[in-house]
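Subject: Handover of a structure with its ligand

Dear colleague,

Please find below the structure that I am handing over to you. I would be grateful if you could look through it before reading my notes.

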Amino acid sequence: MSNNMLDRIEEVLLMGPGPSYIHPNVYEALSKPTLGHLDPYFVQIMDGIKAQLQELFNTKNQLSLPISGTGSAGMEAVFVNLVEKGDPVLILINGVFGQRMKDVASRLGADVDALEFTWGQPVDLARVKEQLGKRSYKIVAMVHAETSTGVRNPAEGLGELLKDNDALYLLDTVTSLGGIEVSIDKWGVDAVYSGTQKCLSCPPGLSPASFSSRAVEKLSGRKTPVPNWYLDMSMITKYWGGSKRAYHHTAPINMNYALYQALKNILDEGPEKVFQRHQRVHERLVAGLEELGVKMVVDPAHRLPMLNAIYIPDGVEDAEGRKKLREKHKIEIGGGLGDFAGKVWRVGIMGYTAQEQYVDRFLEAIKDIMK
Ligand SMILES: *Cc1c(COP(=O)(O)O)cnc(C)c1O
């Protein structure tokens, strides 16, 4: 008998920047029988997912669907479909994921201007307004919930700034979707993407996305074909939309079951209640940390509930402390990225992880490693 490596997987309390804890019914969904990618019943499930995404994104956008791949595939998809070589693009950067957007857009030959803001602080709309007065852009892009710093960026405010502007508004909602309000029609967002393994509490593997009618116009009016075959939305829509479905690539069938169940969990609980739960659990975490003398990085006005950046407690070594949390307490948290490496820890309370019992377990564990 050969031994099976999978038998030794142990359950770890996932309190990092994603993946988050998974609801048992999402694991059950994953293990349902695999159907064919053009099976009529699977097509019905696809339509169900599109409707769920419209509800959670608060949009009427027809082109709302999960892209095959993780959040970064969603990022790649919105840029590769909407950027043409030489297009002026403005990217607002206050963390790692804003930097990644700049990298992606630059590789596609966009003429990128980047406005940089201090890490740990939100995008300053006054500076954006000034920049918009200097040059006209085809695209303006921002990260809603900057997972590398724990900052909430002003998504609605940027929408107001862009109201009478011809630029398309791109928003990264990987960490925000399912944890705080995302209302893309109200905010005037033209393209969004998210990820399954953050507040949707689903394993990583799909990137829910949505494109406005203005974005679709840009796509259909392109002078050059989308330079990436796999993520070309003009081809993918022939599989995900219309009465006759045509094969493009095989949808990750069971991951779509899992996404369906994860979205159903949120919609059944009620998005508003889910957001309140994140906020309540976040406040409990902050209160507990303050009692221990651990300081938060971000000012209360701009803090995300689901991603808490904290200064590494005095007397605790970064890697050593996280190793002890993982080995002794079976808890995973995230280290700092970029400018924050070695200084900051990131504590995620995303989706199913956003429960009082888990925060209490984490607070006990951090108390122990601070001894
Ligand atoms: C996690 C994350 C991504 C990247 O998603 P992957 O699933 O790791 O590819 C992009 N943007 C933000 C804000 C994220 O938190």
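The notes below take the chain as a whole, then the ligand site, and then some points of the backbone.

Please bear in mind that this is a predicted model.

The chain as a whole

The secondary structure comprises 13 helices and 14 strands. The radius of gyration of the chain is 21 Å, close to the 21 Å that the globule rule gives for 371 residues, so the chain is as compact as a globular protein of that length. The C-alpha trace spans about 65 × 60 × 40 Å along its principal axes. Of the 371 residues, 58% are buried. Where contacts join residues at least 6 apart in sequence, 72% of them link residues at least 24 apart.

The ligand site

The ligand is surrounded by 13 residues, of which T70, S72, T147, D172 and K198 are the closest.

- A nitrogen atom of the ligand is 2.7 Å from an N or O atom in the side chain of D172.
- A polar backbone atom of G71 is 2.9 Å from an oxygen atom of the ligand.
- An N or O atom in the side chain of T175 is 3.0 Å from an oxygen atom of the ligand.

On its own, the ligand has 380 Å² of accessible area, and the protein covers 90% of it. Helix 3 (71–82) and helix 4 (96–107) are the elements that give two or more residues to the shell.

Points of the backbone

Most residues other than glycine have a negative phi, and most peptide bonds are trans.

G18 and P19 are joined by a cis peptide bond, with omega at about 5°. P19 belongs to the loop between strand 1 (13–14) and helix 1 (24–30).

S201, although not a glycine, has a positive phi of about 55°. This residue sits in the loop between strand 9 (191–193) and strand 10 (206–211). Its relative accessibility is 5%, so S201 counts as buried, the cut-off being under 20%.

K330 is likewise not a glycine and has a positive phi of about 55°. The loop between helix 12 (318–327) and strand 12 (331–332) holds K330. With 28% relative accessibility, K330 counts as partly exposed.

Yours sincerely

Technical notes:
Residues are numbered from 1 along each chain as its sequence is written. This is a predicted model: local features need pLDDT of at least 70, side-chain atom pairs count only at pLDDT 80 or more; totals for chains, interfaces and linings use all residues. Side-chain values use heavy atoms; hydrogens and water are left out. A residue is near a molecule or strand if one of its heavy atoms lies within 4 Å of it. A polar contact is a pair of N or O atoms within 3.5 Å; within protein, one must be able to donate a hydrogen and the other to accept it, and residues adjacent in sequence count only if both atoms are side-chain atoms. Accessible areas come from the Shrake-Rupley method with a 1.4 Å probe; for residues, only the protein chains shown count as cover. Helices (H or I, at least four residues) and strands (E, at least two) are DSSP runs, numbered from the N terminus. The radius of gyration is taken over C-alpha atoms; the globule rule is 2.2 Å times the number of residues to the power 0.38. Buried means under 20% relative accessible area, exposed over 50%, partly exposed in between (1.4 Å probe, protein chains only). Contact means heavy atoms within 4.5 Å.
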